Amino acid sequence: MKEVVLNLAGYHLWANQRLVTVLKKLTEAQLDQEVVSSFPSIRQTVYHVWDAESVWKQRIELVEQTQKPAPKFQGTFEVACDEWLTISRQLLEMVQQINPVKLPHTVAYYNSQKQYGKLTVIEILMHVFNHATYHRGQLVTLLRQVGVTKIPGTDYSEYAKK
């Protein structure tokens with residue numbers, strides 16, 4: 001099972017990197033243009049994915065009081081993208097180094113609505129990678145809405161053939 005999760009972690013970082021290359025070229029107006037989606041702008045969608053990855057990583061690390069990075073963030077969007085990629089890279093490194101016996105370890109947590117939950121480490125990782133794939137798909141649509149026409153493919157099949 002570790003090999004499957006390791007492969008997905010590699011894909012996750014690769015796909016995020018490809019999309020970030022386009023996102024970093026956007027104007028402030030494009031980043032904040034109101035769009036119809038789960039979040040009202042590209043910037044807010046990116047910040048959501050960054051926050052989610054960070055919180056889930058902290059949960060795997062058994063941090064009791066997780067912190068979302070975006071609400072306190074004061075830097076540029078480019079720096080936010082770099083920080084998001086750092087979390088994605090750290091997730092890959094975590095999977096590379098993890099002892100396979102830790103994958104079924106159960107992590108208990110409280111979500112942002114103070115509801116109690118439990119997931120195994122492997123379930124958390126699968127959720128993080130699936131969640132990001134969902135929002136990368138949204139970001140592709142949002143990029144088209146703000147006029148971007150050259151968007152790199154992020155399908156797993158492209159990653160697998162590299």
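This is a predicted model: local features need pLDDT of at least 70, side-chain atom pairs count only at pLDDT 80 or more; totals for chains, interfaces and linings use all residues.
**Entry 1: the chain as a whole**

I began with the contacts in the protein chain between residues at least 6 apart in sequence, and I noted that 71% of them join residues at least 24 apart.

Next I looked up the secondary structure of the protein chain, which comes to six helices and two strands. Reading along the sequence, I wrote down the order as α-α-α-α-β-β-α-α.

I then asked myself how the radius of gyration stands against that of a compact globule. For 162 residues such a globule would have a value near 15 Å, and the protein chain has 16 Å, which agrees. Along the principal axes, the C-alpha atoms fill a box of roughly 45 × 40 × 25 Å.

For the surface, I noted that the protein chain exposes about 9,000 Å², with carbon and sulfur atoms supplying 52% of that area. Buried residues make up 46% of the 162 residues. I also looked up the charged side chains, of which 18 are positive and 15 negative, and the centres of the two sets lie 3 Å apart.

**Entry 2: Arg59**

I turned to Arg59, which I found in helix α3, covering residues 42-60. Is Arg59 buried or exposed? Its relative accessible area is 8%, and because buried means under 20%, Arg59 counts as buried.

Leaving aside neighbours within four places in sequence, I listed what Arg59 is in contact with, namely Thr66, Val107, Tyr109, Tyr110, Asn111 and Ser112.

**Entry 3: two residues with positive phi**

Before going on, I reminded myself that most residues other than glycine have a negative phi. Leu62 is not a glycine, and yet its phi is positive, near 65 degrees. I located Leu62 in the loop between α3 and α4, the latter being residues 77-97. With a relative accessible area of 55%, Leu62 is exposed, because the cut-off for exposed is over 50%.

Lys114 also has a positive phi, about 65 degrees, although it is not a glycine. I found Lys114 in the loop between β1, residues 106-110, and β2, residues 116-120. Lys114 is exposed as well, and its relative accessible area is 66%.

I next looked up His135, which sits in helix α5, residues 121-145. With a relative accessible area of 3%, His135 is buried. Not counting residues up to four places away in sequence, His135 touches Ser38, Phe39, Thr45, His48 and Val49.

Finally I went to Ser41, which lies in the loop between α2, residues 28-32, and α3. Ser41 counts as buried, at 3% relative accessibility. Which residues does Ser41 touch, if those up to four places away in sequence are not counted? I wrote down Leu31, Asp32, Gln33, Val35 and Leu142. I also noted that a polar atom of the Ser41 side chain lies 3.0 Å from the backbone nitrogen of Gln44.

Conventions: Residues are numbered from 1 along each chain as its sequence is written. Side-chain values use heavy atoms; hydrogens and water are left out. Helices (H or I, at least four residues) and strands (E, at least two) are DSSP runs, numbered from the N terminus. The radius of gyration is taken over C-alpha atoms; the globule rule is 2.2 Å times the number of residues to the power 0.38. Buried means under 20% relative accessible area, exposed over 50%, partly exposed in between (1.4 Å probe, protein chains only). Contact means heavy atoms within 4.5 Å. Accessible areas come from the Shrake-Rupley method with a 1.4 Å probe; for residues, only the protein chains shown count as cover. Lys and Arg count as positive and Asp and Glu as negative; His and the chain ends are not counted. The place of a charge is taken as NZ of Lys, CZ of Arg, CG of Asp or CD of Glu. A polar contact is a pair of N or O atoms within 3.5 Å; within protein, one must be able to donate a hydrogen and the other to accept it, and residues adjacent in sequence count only if both atoms are side-chain atoms.
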